[in-house]
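Hello,

Here is the structure I said I would pass on. Please look through it first, then read the notes below.

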Amino acid sequence: MERLMTPIPHPCGLDFMRLAPDLSGYGQIAGDVAIAGTPETPARRLVRLHRRDTGAWVADTLSAEDGQYRFALIDPALEYYVVAFDGLAAVYNAEIADRVIPVSAAPAPPANTGRYWRIHITATNGGTASIQEIELRATPGGADLTTPATPVTASSQYSGNQAVAAVDNLFDSNVRAWVASSANLPQWLTFDLGTAVTVAEVAIAARNHPSGPVSAPRDFTIQYSRDGDTWSTAASYSGVGAWQPGTDISVGKRFAVVPE
Ligand SMILES: [Ca+2]
């Protein structure tokens, strides 16, 4: 006699798995197979997953030597039943676990964490948007996550004031600042940090130029994205004024980034 335990989540036991091509998702079903007795004997068995509503076959796997098996990448919204049997040996009857509900393993995107970050400017203090230098920091007052090699793109850039100038760590000339190519808004700068990071603080220095303070951001958001395509807003700021020409990052302003 063989029994099939009610499946429970566990991280291993996957030996091989064959999936019907029409079902997928982030659901997981895990359990173990054992031969009844004192003690029970773990059993290596063919384990087959079916949809409970239609009986359609979904996937096969083999339980490991310790009896454990796992199905992954299945639809978490469906119910299933699981059949374990010993195939050609035919010593034991097949055992069924019915009404099995997957555990959803969908990865929850962490708040305030992304590979791509940007400043999205919807208003300046009157001039064409510009920034001398911007720093993204994992901790307040911490190291700058950008470097002069960080890929930067902009909504637009003036020919002599490229987007990369916002992360070149140079303040000595106003050409070392990013300047948009027109006074149109919004304007933005996007940074590819290479891997997902959490940003806790942004420091911004206005362009080191007489026009820097009026061209500095007034209303803006700090946004993050996992793919550079879909954006989430980490923090919003409005009415930010009283900027000084940015001769150093300490002349700029610091903004705490808190998930919204
Ligand atoms: Ca710069």
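**Cores and an open sheet**

The largest nonpolar core has 34 residues, and those with the most contacts inside it are I134, A166, W178 and L189. Keep in mind that this is a predicted model.

Two or more residues of this core come from each of these elements: β11 (113-124), β13 (133-137), β14 (152-154), β15 (178-179), β16 (187-198), β17 (201-205) and β18 (217-225). β11 gives the most, with 4 residues.

What does I134 touch, not counting residues up to four places away in sequence? The list is I119, A166, V167, L189, V202 and I204. Both A166 and L189 were named above, with I134, among the residues with the most contacts inside the core.

In general, the strands of a sheet pair through backbone hydrogen bonds, either parallel or antiparallel. Here an open sheet of 5 strands runs in the order β14-β16-β11-β18-β19, and the pairing is antiparallel. Its edge strands are β14 and β19 (232-237), each of which pairs on one side only. On average, neighbouring strands of this sheet are turned by 20 degrees against each other, direction ignored.

Regards

Technical notes. Residues are numbered from 1 along each chain as its sequence is written. This is a predicted model: local features need pLDDT of at least 70, side-chain atom pairs count only at pLDDT 80 or more; totals for chains, interfaces and linings use all residues. A nonpolar core is a set of buried Ala, Val, Leu, Ile, Met, Phe, Trp, Tyr and Cys residues joined through C-beta atoms within 7 Å. A residue is buried if 20 or more other C-beta atoms lie within 10 Å of its own, exposed if 12 or fewer, and partly exposed in between; C-beta atoms are placed from the backbone. Two residues are in contact if their C-beta atoms, placed from the backbone, lie within 7 Å. Two strands pair if DSSP finds at least two bridges between them. Axes are lines fitted to C-alpha atoms, for helices over the stretch in contact, and angles run from 0 to 180 degrees between N-to-C directions.
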